[in-house]
Structures are given as C-alpha cells and as structure tokens.
Amino acid sequence: MVAVDKDRAEARPAPNINESLVAVAAIFGPNASGKSNVVAAMTWLRDAVLESLRFWDDGIPVEPFAFAGGQHRASEFTLEAVIGGVRFEYVVEVDQDTVHYEALFHYPEKKRRRVFEREGTGLTLQRGLGRLSGTRELLTERALVLSIARRFEEPLVSDFASYVLSTQTFGQRVMRARHPSPSLGRPTRRWFERPEATNQMVLPGFTDPHGEFEKDRAQALALLRMADLGIDDVVIDDQEGPPPHTEVGGGRLFRRKRVRLVHRTGTERVPFDFANESEGTRTWFQLIGPVLSALRTGSLLLFDELDASLHPTLSAEVLRLFCDPVTNPSGAQLVFTSHDTSLLDHLNRDEVWLTEKREDGSTRLGALAEFAGERVRRSQNLEKAYLHGRFGALPEVDRTEMLRALGLIG
C-alpha cells in the first residue's frame, strides 16, 4: 500500500521508509480468481497469532494449495507493516504438522535487525530481549513464537502482535468460513450499549468510567443515519427465549440481547426487530462497529465483497471515511474486494489491485500498473479502461459451447 502519487492529501508520509502510504487497497478481478483468498489469508495469519498456543496441539489448520503439488509444500505468509513509524517484517512458514520457520525483523534505523528467528524449535533472540527467554520453555513445533512472546510484555514484540490482532475481517463469505455462527451485529452493538450492560469491566461506583459512551453512541448513530435508511435510533433490550440449538417450547427460557432499529415516519417512530431488516440495512449496521474501531485505533480492516448488499453510494462513503485524514487521523487502512467497477471512479491508480488466475490454478495479485504493462496515467478513467480490458483481470466469456448445446450452431 505504498503511494505512487505522494503529493495527494490521502498519501500518509512514512519517513522511516522514505515512502508514503495509502489508506485503501481495492482488489478487483473475475469470479474465482482468488480475491477472497487474499482476505482469508490475512485473516488466517491474525487467527494464527491468537490461537496457535492454545489450539494447535493436534495440528495446524492451514489449507495447502490444491494444485501443482501444493499439498506437499509448506505455506508461507509474510506481513510488512509500519508501526510507530518503524517498518516491521514478519515471516511464517508452516505445513499441517510443523512450524518450519518464523521470524520478526524491524528496521529502526532503516537497517534490518532481527527481533527473533526460529527454525523448528530452535530460537534466536535479539540482544537485550532477555525477558523473552521464557518463550523457549513454552515453544513447541506447532506453536508460534509470536503467540507466546506477546505475553511477556516486551514492547518491541507486543506492539507488533497487538497490531496483528487488531485486524478485523468483515464479509459474510470469509466470516462464515472461519466462524460458522457469528453473533450478528455484536461489534456494532457494543457502541450502543452502556458498559454496565455488557461484559466490559466497570469500576465500582461508575456507570461510565471513561465518560466516552455518549460520544461513542453519537458517532455510531450518525453513521447509521448517514445511510438515509429512515432509521432514527437503536434500542437494545433483553428478550426471553429458548436456549440456542433447542426447539422452541423445550427447556427453560433464558434472557438474551435483542437489537431493534427505530424507523421514523412523518408522525411515528416504530422499532423493528433486527432480523426483519433488509439485508442492506443489516450489512450497514454490522459494519459500523468495525469501521469506527479501525478509524479510532488506526488498525487494519479487511472487507470481502464491499459492494455486497450495499448501494454504491454507501460503499463510496466507506472509502471516503478512510481516505480523508480528517475522519481517519490515526492512519487506519482498508483492504477490500469488489465487483463494483463504479468504485474505481473513487480510487486513485495506486489504490487498485487486480487478480487473475494462472493456468496452474494459482492467483496472480498485482498492482494496477503491473497489469497495465505501462505506467497508468494519473488522470485516466479507471473504470472505463478496466471494462474495456485495458488491464486484463476480466472474465473471458465464450458463448460458443452454450450455443452449440442449445443446437443454435453446428
């Protein structure tokens, strides 16, 4: 996400690497070209750091490449990020049985320095990080060093781990694949609930210890109203019902949170149950929490199929929130996939990435300029050029076989 046009207000200077960074990366390409897999791979890495120490004893849940002998090769993940003005590079190489290699490097003075490096269960630490020595005692062939070392509160490691773990994923396809039964709307619901109504820790005698609830709620409500859905407010209350995974009428009742969106007309305000809302309304409500959290903390938000169930105007507004330094002062970044080419009108040439499927089934992911074969002009109409096949990464539609099957041609 390195800027080509550094003179734009949207390009954030990163002096330590002599570059500027962009806040948005859009991934376009034909169906089944691998767009969602890019988001899924980044999500996998986040979950790996969170879960390897606790849940990988019986095997590493990595899915190897299905073609070209990929089942017999290790999978490698590399993440580069600028945190606190310093560039970091994290590398992991795993198969379903073993972590073969793992390393974290940083560039505090523009020169690469090792924070830690492991091959198998052999671990080398940077000098001066003695407090991480306990990592060796917990290290196994299937646990990530980063999962262990982040618990020892060494800022050099814990700050990087916190960045990785703050990554959020939004998009029904990826969410269903990794979490089959997500609690719909929960990240957004928390912006409308007082801390004492949730599991958040509250100091004794204080209903709102940080004095931020009303401000948070106002921001979330403003984003909800911005969509012009006719919704005026959000009501969250308790509702009695059967326990999950039981038949209605069987067993004891229990209380659960109910979200209702208050619709306004000229003379009435009527709350609708969240389940009765349109898919577009539910999608917009559910993304409010992840978007506001990313903008506040400067974290990474991954969004698979941004245009699904959203009007193009709303999709463009999400981009604007991230690109505008006023609404995104902490430098949050948005990586999303889409088929909606109209969004290209809202993107600069250094914010567009394309996917194509190679003959061996692998995905080629490249910046727009790489696919164009020449430097894309800054003033170019990207949507028109893309739809005319200027950059490739379009489905190749051949009607011949279909027409022959219908008996319309010989």
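## Around aspartate 237

Setting aside neighbours within four places in sequence, aspartate 237 touches Arg256, Lys257, Arg258 and Arg260, where contact means heavy atoms within 4.5 Å. With arginine 260 there's a side chain to side chain polar contact at 2.8 Å; that term covers a pair of N or O atoms within 3.5 Å, and within protein one must be able to donate a hydrogen and the other to accept it, while residues adjacent in sequence count only if both atoms are side-chain atoms. Aspartate 237 itself sits in strand E10 (residues 231-241). Helices (H or I, at least four residues) and strands (E, at least two) are DSSP runs, numbered from the N terminus.

This is a predicted model, with pLDDT of at least 70 needed for local features and 80 or more for side-chain atom pairs, whereas totals for chains, interfaces and linings use all residues. Residues are numbered from 1 along each chain as its sequence is written, and side-chain values use heavy atoms, leaving out hydrogens and water.

## Strand E15 and its partners

Strand E15 (residues 352-357) runs parallel to strand E3 (residues 24-28), joined by three bridges; two strands pair if DSSP finds at least two bridges between them. Here alanine 26 has valine 352 in E15 as its bridge partner.

E15 also pairs with strand E16 (residues 363-367), this time antiparallel and over five bridges. Glutamate 356 stands opposite arginine 364 in E16. Five residues separate E15 and E16 in this hairpin, and glycine 361 in the turn has a positive phi of about 90 degrees.
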